[in-house]
Amino acid sequence: MPRAFLIVMDSLGIGGAPDAGSYFNGDLPDTGANTLGHIAAACALGQAEEGRSGPLRLPNLDTLGLGAALRLASGARGEGMDADPVGLWGAAEEVSRGKDTPSGHWELAGLPVPFDWSYFPKTKPCFPDDIVAEVKRLAGTGGILGDEHASGTEIIARLGEEHEKTGWPICYTSIDSVFQVAAHEESFGLDRLLDLCARLAPMLHARRVGRVIARPFTGTPGHYARTLNRHDYALAPPGPTLLDHAQAAGRATCAIGKIRDIFAGRGVDHTLTGADRDLMGHLATCVADAADGSLTFANFVEFDSLYGHRRDVSGYARHLEWFDAALGPVLSALRPDDLMILTADHGNDPTWPGTDHTRERVPVVATGPYSGQIGIRAFSDVGASVAAHLGLAIDGPGRSFLMRDDVSL
């Protein structure tokens, strides 16, 4: 039985979203944002030289069709990415009203979000009094710190010392539907932080806040650093997703990275976590050992968390080049009837003002027993295509692009 591997390069948008003008970073609409296109342009101009040099080099992804997908989605040239694609390639655009992680992943898995998320106002304070009171009660503290929109690394650097002195958790949000709690793993306690977030989550989920995120950190003043013990307490999808359908059909499912958190554990048999470099090793192991008919669903988050939000163009370019080089042996190890689709969940243009995600189309490139251009599709078509490859019957909004007349088997 054929296997499927669905890989999300978190935040690797390729511009061109027709509704980008309705989404903002501060007061600036996302119109014109282009994560990959602007990174490639910066590299070609010698503006991304920290730890790397010259034009962006992504030979494996470009051969599959990444550069061609960029040109299709936005018209951007993509300096250094001009290969003639040998894989299946195209782009996808989202219908869910959000440019966040759950919306993108759920829709890629065949479930567009059927409601509007709740967001916190960009004021200070920004959280309702009853939520603050509940955090204080659960944490056993006299107050909270933050209570604002903020970058996680910035607010920890700014309030970490006060947090250690008072014991009060640092609470903040972003343009996404999230409530984030940062606390020191040693002075506050990792288990205490995770318990606080787990017990708080039902209250936030009832208000359609998508995620409560535990953000542990360690270190000393001036040298604080977030750890890999982050945990997302996500609202469960309101209907079955690709993972649920695969599991119900008796197929083995493996979640790599934060996929389990995004889907609230639904439809997941096995989970493998770690930094992105660890995740690539996990992916290689799954390619070598995953059972016939299985689904492996992976998220590589550091494009977004380490480089997109921090507006680090050189870092994003470095990580792309590392990912492309590490992906080569994985692609070579695939079986002839395996399908591997590489895509993204939203954009996060590191050249754009602000610190938030950007509303963009995303690439869809694949290797396996298919090739050709698929055009611009819906996010949900990705899940439908994986299901078709695995022989799963799914009644949903997506349409498989594997059987199109202009795609050869």
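A polar contact is a pair of N or O atoms within 3.5 Å; within protein, one must be able to donate a hydrogen and the other to accept it, and residues adjacent in sequence count only if both atoms are side-chain atoms. This is a predicted model, where local features need pLDDT of at least 70 and side-chain atom pairs count only at pLDDT 80 or more, while totals for chains, interfaces and linings use all residues. Residues are numbered from 1 along each chain as its sequence is written, and side-chain values use heavy atoms, with hydrogens and water left out.

**Exercise 1. Find which residues UniProt marks as "binding site", and explain why they gather at one spot.**

Step 1. The unreviewed UniProt entry places this feature at Asp10, Asp345 and His346. UniProt positions follow the numbering used here, feature names are shortened, and annotations may be inferred rather than shown by experiment.

Step 2. In sequence, these residues span 337 residues. Yet no two of their C-alpha atoms are more than 7.2 Å apart, so they gather at one spot.

**Exercise 2. Describe the surroundings of Asp345.**

Step 1. Locate the residue. Asp345 sits in the loop between strand 14 (339-343) and strand 15 (362-367). Strands (E, at least two residues) and helices (H or I, at least four) are DSSP runs, numbered from the N terminus.

Step 2. Check burial. Asp345 has a relative accessible area of 0%, so it is buried (buried means under 20% relative accessible area, exposed over 50%, partly exposed in between; 1.4 Å probe, protein chains only).

Step 3. List partners. Beyond neighbours within four places in sequence, Asp345 is in contact (heavy atoms within 4.5 Å) with residues including Asp10, Ser11, Glu94 and His105. The Asp345 side chain reaches the backbone nitrogen of Ser11 at 3.0 Å.

**Exercise 3. Is His346 buried or exposed?**

Step 1. His346 lies in the loop between strand 14 and strand 15.

Step 2. Its relative accessibility is 2%, so His346 counts as buried.

Step 3. Leaving aside neighbours within four places in sequence, its contacts include Asp10, Lys99, Asp304 and His357.

**Exercise 4. Work out which residues of helix 10 are buried, and how they are arranged.**

Step 1. The buried residues are Asp276, Leu279, Met280, Leu283, Cys286 and Val287.

Step 2. Look down the axis of helix 10. The buried residues fall within an arc of 120 degrees, so they line one face. The arc is that of the directions from the helix axis to the C-beta atoms.

Step 3. On the other side of helix 10, Arg277, Ala288 and Asp289 are exposed.
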